[in-house]
Amino acid sequence: MDRDDVDRALARLGAEHEAVETSLLALQDHAGRRLLEGAALSGVTKERWAAADAAVTRLWTYFDAYSGALAAAREIRERRRWPSREDLAELTERLRGPDVTIAGAGAEGVALAERFSLAELVSRMNELYAASLDVVVAADAVWSALPARIDLLAAELHRTRSLAHSVGVRPGEHPSGDDLEEITAELAELREAVIADPLAFWVPVAGSSAPGGGRPDTARYDRAARALDDVRREVEAVLTVRQDAEQRLIAVRDLLSRADRTLAEARTARGEVLAKIAASEVPAVSGPPTALQEQLAAAAEYRRQSQWHRLSPLLDALEDRAEEELRRARESLTAVTAPLAVRAELRGRLDAYRAKAARHGLAEDPLLIERYDAARRMLWSAPCDLRAAEQAVWRYQQATAEALAPQDHRPGRPGEEEA
């Protein structure tokens with residue numbers, strides 16, 4: 001190396017020395033490193049930090065050796081403005097050759113003495129620094145992200161538990177109360193695990209060149225948050241029940257009352273049908289369901305005792321069953337009164353055809369009068385035989401249609417000639 005080569009090499013090595021020193025001091029003051037030094041670690045983090053801490057100590061040993069070698073080279077260069085051949089030879093050896101000897105101090109996996117060139121020493125320091133920084137950055141990222149989020153979720157959990165307790169959602173009494181206990185235990189365990197072993201919650205990202213190269217693993221936290229959301233929705237549903245329970249109970253009572261009145265009407269109508277309609281199958285009418293009344297009484301008791309978590313599912317079931325009971329009562333009334341509806345339809349049809357015949361001047365037709373009277377006697381007598389009455393109405397319809405047919409469409413009498 002000539003003088004210019006030496007000066008350029010010293011300038012480059014000086015810049016690298018400054019950069020390494022700055023990085024080491026930043027690592028020394030890194031918040032994550034201070035936390036790691038003071039924490040009671042376990043698991044993966046304890047193992048990796050032990051190795052990283054040893055690497056940091058080794059880094060300072062390498063840096064001190066590097067600083068000493070660089071200072072010695074600068075001292076030789078500063079002896080004279082124009083270095084002699086011997087000076088240049090010595091500087092070349094110091095700057096390019098494996099002139100730095102570092103004792104291994106008997107460290108496990110490290111030789112008793114290592115020899116490096118200054119460039120090799122810089123490369124080795126960079127490797128150790130990157131590995132140590134990865135551990136520090138990863139642990140700090142997990143500690144910065146997860147404990148705070150866990151604490152916020154725990155605060156939300158506390159509010160939800162208080163609200164749940166106020167509406168009767170308690171462990172052993174409601175599934176959501178048991179879920180709250182499980183979430184509480186999970187968050188406490190998760191926070192303890194994150195503080196003691198943050199690197200167990202670090203997911204490396206392949207191909208990342210950033211320090212740490214990964215992201216915090218939030219899978220357990222996310223599951224707890226989703227579970228709490230489910231419980232919160234259940235508690236809100238119970239709260240909604242508390243707010244409108246009275247109106248819903250009144251609505252259920254009204255539905256059941258309407259169903260009872262409809263069934264009573266059906267029973268009365270059935271007696272009328274049996275008395276007025278002959279040879280007709282009339283379905284039986286059941287009584288009001290006592291089970292629904294008992295459940296309604298239980299729902300009212302739950303409301304008085306503020307057992308909203310029990311009232312909520314019972315009210316949902318009662319509303320559905322009350323609607324079904326009213327529908328069944330209406331169907332029963334329709335089925336029972338069907339014969340009366342048939343009789344009314346036949347009466348209307350008979351009177352409609354009689355009016356039609358009268359409009360065409362056939363009111364005094366003997367055949368029509370005979371058939372009308374026969375059908376009317378059947379329809380207005382009790383009990384009424386619907387089948388026979390329907391036949392009688394049909395015969396009157398036929399007779400009316402034939403009487404109203406045009407003369408030229410009627411068949412001629414035997415022996416008559418056409419005009």
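Okay, aromatic pairs to begin with: this model has two of them, where a pair means rings of Phe, Tyr or Trp (its six-membered ring) with centres within 6.5 Å, and planes under 30 degrees apart are called stacked, over 60 edge-to-face, and the rest tilted. One of the two is tryptophan 60 with phenylalanine 63, an edge-to-face pair at 5.9 Å centre to centre and 90 degrees between the planes. Both residues sit in helix α3, residues 43-77, three residues apart, which is about one turn of the helix. In general, an α-helix has 3.6 residues a turn, so residues three or four places apart point the same way. How buried or exposed are the two partners? Phenylalanine 63 is buried at 5% relative accessibility, while tryptophan 60 is partly exposed at 24%. For the cut-offs, buried is under 20% relative accessible area, exposed is over 50%, and partly exposed is in between, with a 1.4 Å probe and protein chains only.

Before I go on, a word on what you're looking at. This is a predicted model, so local features need pLDDT of at least 70 and side-chain atom pairs count only at pLDDT 80 or more, while totals for chains, interfaces and linings use all residues. Residues are numbered from 1 along each chain as its sequence is written, and side-chain values use heavy atoms, with hydrogens and water left out.

Now the overall picture. The chain has eleven helices and six strands; those are DSSP runs numbered from the N terminus, H or I of at least four residues for helices and E of at least two for strands. There are 419 residues, and 35% of them count as buried. If you take contacts, meaning heavy atoms within 4.5 Å, between residues at least 6 apart in sequence, 71% of those join residues at least 24 apart. The accessible surface is about 23,800 Å², with 51% of that belonging to carbon and sulfur atoms; that comes from the Shrake-Rupley method with a 1.4 Å probe, and for residues only the protein chains shown count as cover.

On to charges. How many salt bridges turn up in the whole structure? The search finds 17, using a side-chain nitrogen of Lys or Arg within 4 Å of a carboxyl oxygen of Asp or Glu. Let me walk you through three.

In helix α5, residues 118-166, glutamate 156 and arginine 159 are three residues apart, and their side chains meet at 2.6 Å, N to O. Glutamate 156 is partly exposed, at 22%. This pair also belongs to a network of salt bridges that links Glu156, Arg159, Asp229 and Arg232.

Over in helix α7, residues 219-276, aspartate 230 and arginine 233 are again three residues apart, with a salt bridge of 2.3 Å, N to O. Aspartate 230 is partly exposed, with 44% relative accessible area.

Then there's helix α9, residues 308-359, where glutamate 345 and arginine 349 are four residues apart and bridge at 3.0 Å, N to O. Arginine 349 comes out partly exposed at 24%, and glutamate 345 partly exposed at 42%.

Staying in α9, have a look at glutamate 325. That glutamate is buried, with a relative accessible area of 8%. What does glutamate 325 touch, not counting residues up to four places away in sequence? Leu256, Ala259, Leu263, Pro289 and Leu292.

Next stop, tryptophan 380. The charged end of arginine 347 sits over its ring, 4.4 Å from the centre, and the charged end of arginine 376 sits over the ring of tryptophan 380 too, 4.5 Å from the centre. The rule there is CZ of Arg or NZ of Lys within 6 Å of the ring centre and within 35 degrees of the ring normal.

Further along, the peptide bond from alanine 382 to proline 383 is cis, with omega near -5 degrees. Most peptide bonds, in general, are trans. Proline 383 is in the loop between α10 (366-379) and β6 (384-385).

Last one: helix α6, residues 175-196. Its 22 residues reach 32 Å from first C-alpha to last, close to the 32 Å expected, taking 1.5 Å times one less than the number of residues. Its buried residues include Leu180, Ile183, Leu187 and Leu190. Glycine 177 is in this helix as well, buried at 1%, and touches Val169, Arg170 and Pro171, leaving out residues up to four places away in sequence.
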